[in-house]
Amino acid sequence: MSADLNGALIDAAVRTILDNAAELTALDQAIGDGDHGLNMKRGFEAIAAQKAELEALPLWPAVQKAGMTLVMKVGGASGPLYGSLLMAMGKAEGDAVQRFRAGVEAVKARGKSDVGAKTMLDVLVPVLEALEAQADLGEVAALAAEAMAATKDMKATKGRASFLGERSIGHIDPGARSTQLLVTAVCQHLGEKA
Amino acid sequence: MTQTVSIVIVSHSPDVARGAADMVREMVGEEVAVAWCGGNPDGGLGTDVAKIAAAIDQVYNDKGVALLVDLGGAETNSEMAIEMLPDDRQSKVVICDSPIVEGAVMAAAEAAGGSDLASVRAAAEELSP
């Protein structure tokens with residue numbers, strides 16, 4: 001049971017990152033240092049390579065371990081950011097939504113940021129709020145897409161894109177896009193199971 | 001011999017990190033231990049938590065370690081590496097908010113005089129606006 005869930009979740013997450021790595025890199029070339037797609041690809045390929053090991057674990061320890069893999073393999077800021085999200089979720093107590101809240105708080109702490117700075121938090125926070133309001137998975141995915149698109153008009157105040165100031169406006173944030181891809185993949189996967 | 005605060009230089013580019021370390025040795029001398037690292041886990045531009053942790057380990061002493069980092073992920077990955085150290089070491093490793101090359105030289109010069117970690121960090125951070 002747990003093996004099914006982990007294995008299929010891993011496949012869904014890895015597939016969406018590999019399929020969209022070129023787009024993530026293109027977004028990052030516009031307002032960052034152009035390595036987001038490559039970094040995420042390296043991290044998620046490392047997770048894919050660990051699939052058998054992760055499947056052998058219960059869900060939350062597997063999530064925590066996958067987070068540590070991202071920290072060690074990604075090579076950019078997104079490693080510790082996504083890694084902190086997953087490690088905090090794995091370590092937290094409570095149901096999936098409570099764990100997700102712990103993960104989002106960990107990303108805020110790691111990135112010293114919050115909503116409105118044109119980052120992955122601009123997708124994570126609305127998704128968390130929707131989950132806490134018990135939105136269904138389809139609504140959550142739609143909201144994530146909307147929140148991702150809304151980063152286009154924001155001005156970056158964190159990360160490399162903040163060096164661009166006003167010039168960061170008009171580009172979707174690559175971290176918001178990768179977060180939305182992963183949220184959508186997880187929602188679709190869970191939706192198919194339900 | 002008295003211990004001095006050590007320096008770790010973390011750049012996206014191993015060439016930048018090595019070059020900055022060379023400048024420190026040239027300008028300050030050998031009495032301050034300097035370690036450097038750069039590059040992502042595949043050897044491309046980026047930073048690597050494991051390499052940063054190893055560099056800290058290489059020069060760690062109880063007087064402390066000052067890290068000089070370049071952009072974005074170098075700082076985030078360095079924070080992560082520090083959090084993975086044993087508890088008693090974490091408070092003795094700090095990231096200086098300063099330009100990487102100038103900060104490394106200033107921090108090392110301060111460290112060479114036997115200053116404590118807070119003074120070494122302050123010397124590097126004087127360079128920041």
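1. Burial in chain B. In this predicted model, 53% of the 129 residues of chain B are buried. Of the contacts in chain B between residues at least 6 apart in sequence, 73% join residues at least 24 apart.

2. Layout of chain B. Six helices and four strands make up its elements. Read from the N terminus, their order is β-α-β-α-β-α-α-β-α-α. The radius of gyration is 13 Å, close to the 14 Å from the globule rule for 129 residues, so chain B is as compact as a globular protein of that length. Along the principal axes, its C-alpha atoms fill a box of roughly 40 × 30 × 30 Å.

3. Helix H2 of chain B. This helix covers residues 49-59. Its buried residues are B:Val49, B:Lys51, B:Ile52, B:Ala53, B:Ala55 and B:Ile56. What covers them? Within chain B, the cover includes strands E1 (6-11), E2 (34-38), E3 (65-69) and E4 (93-96), along with helix H3 (73-83). Chain A also takes part: its helix H5 (59-73) is included in that cover.

4. Interface. Here 15 residues of chain A are in contact with 15 residues of chain B. On the chain A side, helices H3 (36-49), H5 and H6 (78-91) each supply at least two residues. By class, that side has five nonpolar, five polar and five charged residues.

5. Confidence in chain A. Mean pLDDT is 93, and 98% of the residues of chain A reach 70 or more. Where is confidence lowest in chain A, and where highest? The lowest is in helix H1 (residues 2-19) of chain A, at a mean of 88. The highest is in helix H8 (residues 121-132) of chain A, at 98.

Key: Residues are numbered from 1 along each chain as its sequence is written. Chains are lettered from A and ligands numbered from 1 in the order in which they are written. This is a predicted model: local features need pLDDT of at least 70, side-chain atom pairs count only at pLDDT 80 or more; totals for chains, interfaces and linings use all residues. A residue is buried if 20 or more other C-beta atoms lie within 10 Å of its own, exposed if 12 or fewer, and partly exposed in between; C-beta atoms are placed from the backbone. Two residues are in contact if their C-beta atoms, placed from the backbone, lie within 7 Å. pLDDT is the predictor's confidence in each residue, from 0 to 100. Ala, Val, Leu, Ile, Met, Phe, Trp, Tyr, Cys and Pro count as nonpolar, Asp, Glu, Lys and Arg as charged, and the others, Gly among them, as polar. The radius of gyration is taken over C-alpha atoms; the globule rule is 2.2 Å times the number of residues to the power 0.38.
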